[in-house]
Amino acid sequence: MRESYALELIQKDKRIDGRKFDDFRKIEIKKGIAKNAEGSAQVKLGNTEVMVGVKLNTGEPFSDTPDEGMLMVGAEFTPMASPDFESGPPGEDAVELARVVDRGLRESKCIDLEKLCIEEGEKVWCIFTDIHIINNQGNLLDAAALAAIAAVLDAKMPKMEKDEIKRGEYEGPLPVKFKPINVTVCKVGDKFLLDPALEEEDVIDAKLSVSVRDDDNICSLQKQGHKELDVKDLEKMIDIALKKSKEIRKMLK
Amino acid sequence: MKKSDVKLISNGKRIDGRDLDELRPVEIETHVIDRANGSAKASFGNTEAICSVFGPRALFPRWMQESDTGILRCRYNMAPFSVDDRKSPGPDRRSVELSKVIRICLEPAIFLEDFPKATIDVYIEILQADGSTRVAGINAASVALADAGVPMKDLVTACSVGKIDGKLIADLCGKEDNYGEADMAVAMMPNKKKITLLQMDGILTKEEIMELLDMAVKSCEKIYEKQKKVLKEKYKRVIE
Amino acid sequence: MTEREVVLPGELIEEKKGRKAGSGTFFEGEKVFAKFLGIPRVNEIEISVIPLSGVYIPNVGDKVLGVVESVEISGWMVDVNSPYTAFLPLSEGVSGFVDTQRAELSRFYDIGDVIFCRISRVTKNKTTQISVREIGYGRGEGFRKLFGGIVIKVTPSKVPRIIGKAGSMITLIKNKTKCDITIGQNGLVWIRGEDKTKAIEAILTIEKESHTIGLTEKIEKMLGE
């Protein structure tokens, strides 16, 4: 019922909560909310809530990047966040979300992974970024990506004493060079809108998630949604994402 | 071998001698698996994908049925022997994401509403991986769907484009995918020129993306001609 | 009919020009496109496409063969070689009064029985009903339970070729093999007789080579003496 009402409004250039098409809901970013993690952040987009924790460990590097730290991103759509989420291993939506956030962080080279090498080919720092969906009220991907970069910015390198990690004692922040921002642009009929609320998610024809770096380079694209898009649509959506990413980046300190 | 050590372009030619916008040899065969309703094989050079389609068929369990439309289920899987370092059998996170992305890419082309409560199952296996596996899989899948007699609005044609050593190229092989600056997979419905799959990872400016989309559309047109040829030749002319 | 090249889904066939966009096609404005990989048929009245393959989706009026799957309280569930199982209501399967409290329905049709029938109803979401009752009066189609014999499956879209122009092909096979043969539009074929094997071979050859030239001569030769 709410979905068809949301659609009616959109066709009349309005939205269910009165927002403009390119308005995000109220964005709240809180850092350092998980004390046992090396870095953490909680992001709220309206009532959508996502928490990300960053844990650092040492380990072996990937064979094709022996002098770089390792970055891993996982996501859990916890059953408490929505009646549609089931417990168990991540389903396709959780896997997709984690991998798209991963690409935004990795391809942007936002963390200088070379600085995380302890012994080339043998030991590097591994950054585990875990996304926890707390409440699903739409636009999980943008919320998760924002929480992920906020958590990375919050993270501190643990002290190492004689090959052992001293938890609780820190040496300074992670070497972060960029702040990639993910903006998902949604198409409904011939209209484009941002930050869909849950009722709006079901009426979206197609989406394009764009991860933008500080210098306006684009580090990842992911088309979602059941309908097709024109090349012209894609250009428009990228423009909208480029513009909005600057606004959102300002919120990260 | 470090990423920065690999030189991908020399004298304007790529490591396998191709021009920047040149595709590898594209081979497509249809009706390769007898027991499936439809099937096809597609390859770009050394990358080979095979696809079988079952359906429309009854969908169980009942709660999965949609009363007014059919559904599409898709599984993308890489054979353990398809890559250099044996891949353990079974779905990994990449296969799970690609299965979803490929399903989303084929759905707009199918008249799902013509078979309510039923399902069409698409199985894609990558037999040999040398870059651009998902687009090879999609090219095979859409030919297999046509072979199966599934009602469709158009075929779906796919190809990869990207950036290596600062230059924009079409149809990335494995090395170019691993060591290049960006890799973009594009799928479209060729008659309608509508995009149904777009994924990119790497670093690109917006202008580069638009140029690559143009290159992708042109490359897909060439691939569509192959798909067309194969399907038409399989069933030559009929005299009533 | 003219020789026509195979069309692909999404390929433009022709402009409507006052004609109907028939089965196997879809249209946008005046343009009619193919929905299936198949043979286009164009005449003054409509533009349609015969698919080269595909599963059987029930249509009202189709004459089909069904195999009884289960016996229910007021009818039977019948497999019509489709993702959609058909229901044969008691009143459409048996004429005259039947006391459902006393009667054993399997007496009329039991699991595994083969029925030649028609698709009487198909709802929007493809719930399907069949009937063994004839429409109207007169000679009728011969809807009934088929005894003995065996049933084979062929691609539904090849059935017209197997039947042939005005039934010429199937009559040829019947005569040469002295078999009773009933073909359903849903791709099920019932054959009874001594020379079943020859008949089946002929039918499967037509199915496989339906698109080739000179098929009739080949089948005549095959059925030979």
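**View 1. An open three-stranded sheet in chain C.** In this predicted model, three strands of chain C form an open sheet in the order 13-15-14, with antiparallel pairing. Helices (H or I, at least four residues) and strands (E, at least two) are DSSP runs, numbered from the N terminus. Two strands pair if DSSP finds at least two bridges between them. Strand 13 (150-153) and strand 14 (180-183) of chain C are the edge strands, and each pairs on one side only. Neighbouring strands of the sheet are turned by 20° against each other on average, direction ignored. Strand 14 and strand 15 (residues 188-192) of chain C run antiparallel and are joined by four bridges. The bridge partner of C:Ile183 in strand 15 is C:Val189. Helix 4 (residues 196-208) of chain C packs on the sheet and touches strand 13, strand 14 and strand 15 of chain C. The direction of helix 4 makes about 155° with that of strand 15 of chain C. Axes are lines fitted to C-alpha atoms, for helices over the stretch in contact, and angles run from 0 to 180 degrees between N-to-C directions.

The model is predicted: local features need pLDDT of at least 70, side-chain atom pairs count only at pLDDT 80 or more, and totals for chains, interfaces and linings use all residues. Residues are numbered from 1 along each chain as its sequence is written, while chains are lettered from A and ligands numbered from 1 in the order in which they are written.

**View 2. The domains of chain C.** Chain C is divided into domain 1 (12-51), domain 2 (63-146) and domain 3 (150-223). These bounds come from an automatic or database domain assignment. The centres of domain 1 and domain 2 of chain C, taken over C-alpha atoms, are separated by 34 Å.

**View 3. Strand 10 in chain B.** All of the eight residues of strand 10 (residues 182-189) of chain B are buried, so the strand is largely enclosed by the rest of the structure. A residue is buried if 20 or more other C-beta atoms lie within 10 Å of its own, exposed if 12 or fewer, and partly exposed in between, with C-beta atoms placed from the backbone. B:Ala182, B:Met184, B:Val186 and B:Met188 cover one side. B:Asp183, B:Ala185, B:Ala187 and B:Met189 lie on the other. Strand 8 (residues 157-164) of chain B pairs with strand 10 in the antiparallel sense over seven bridges. Here B:Lys163 stands opposite B:Ala182. Strand 11 of chain B also pairs with strand 10 in the antiparallel sense, over eight bridges. B:Ala185 stands opposite B:Gln199 in strand 11. Strands 10 and 11 of chain B form a hairpin with four residues between them. In the turn, B:Lys193 has a positive phi of about 55°.

**View 4. The contact between chains A and B.** The contact takes 26 residues from chain B and 24 residues from chain A. Two residues are in contact if their C-beta atoms, placed from the backbone, lie within 7 Å. On the side of chain B that touches chain A, helix 1 (93-106), strand 11 (194-204) and helix 4 (206-234) of chain B each supply at least two residues. Strand 11 gives the largest share, 11 residues. Strand 12 (residues 218-224) of chain A runs antiparallel to strand 11 of chain B, joined by four bridges. A:Leu221 has B:Met200 as its bridge partner.

**View 5. The contact between chains B and C.** Of the two pairs of chains that touch, chains B and C have the most contacts. In this contact, 32 residues of chain B meet 22 residues of chain C. Strand 5 (47-58), helix 2 and helix 4 of chain B each supply at least two residues of the chain B side. Chains A and C share no contact, and their closest C-alpha atoms lie 15 Å apart.

**View 6. B:Ala141 in helix 2.** B:Ala141 is found in helix 2 (residues 133-147) of chain B. B:Ala141 is buried, with 32 other C-beta atoms within 10 Å. Leaving aside residues up to four places away in sequence, B:Ala141 touches B:Cys51, B:Ile102, B:Leu106, B:Val122 and B:Ile124.

**View 7. Strand 4 in chain A.** Side chains alternate along strand 4 (residues 70-76) of chain A. A:Leu71, A:Val73 and A:Ala75 point to one face and are buried. Strand 4 and strand 6 (residues 123-135) of chain A pair in the parallel sense over seven bridges. The bridge partner of A:Gly74 in strand 6 is A:Asp130.
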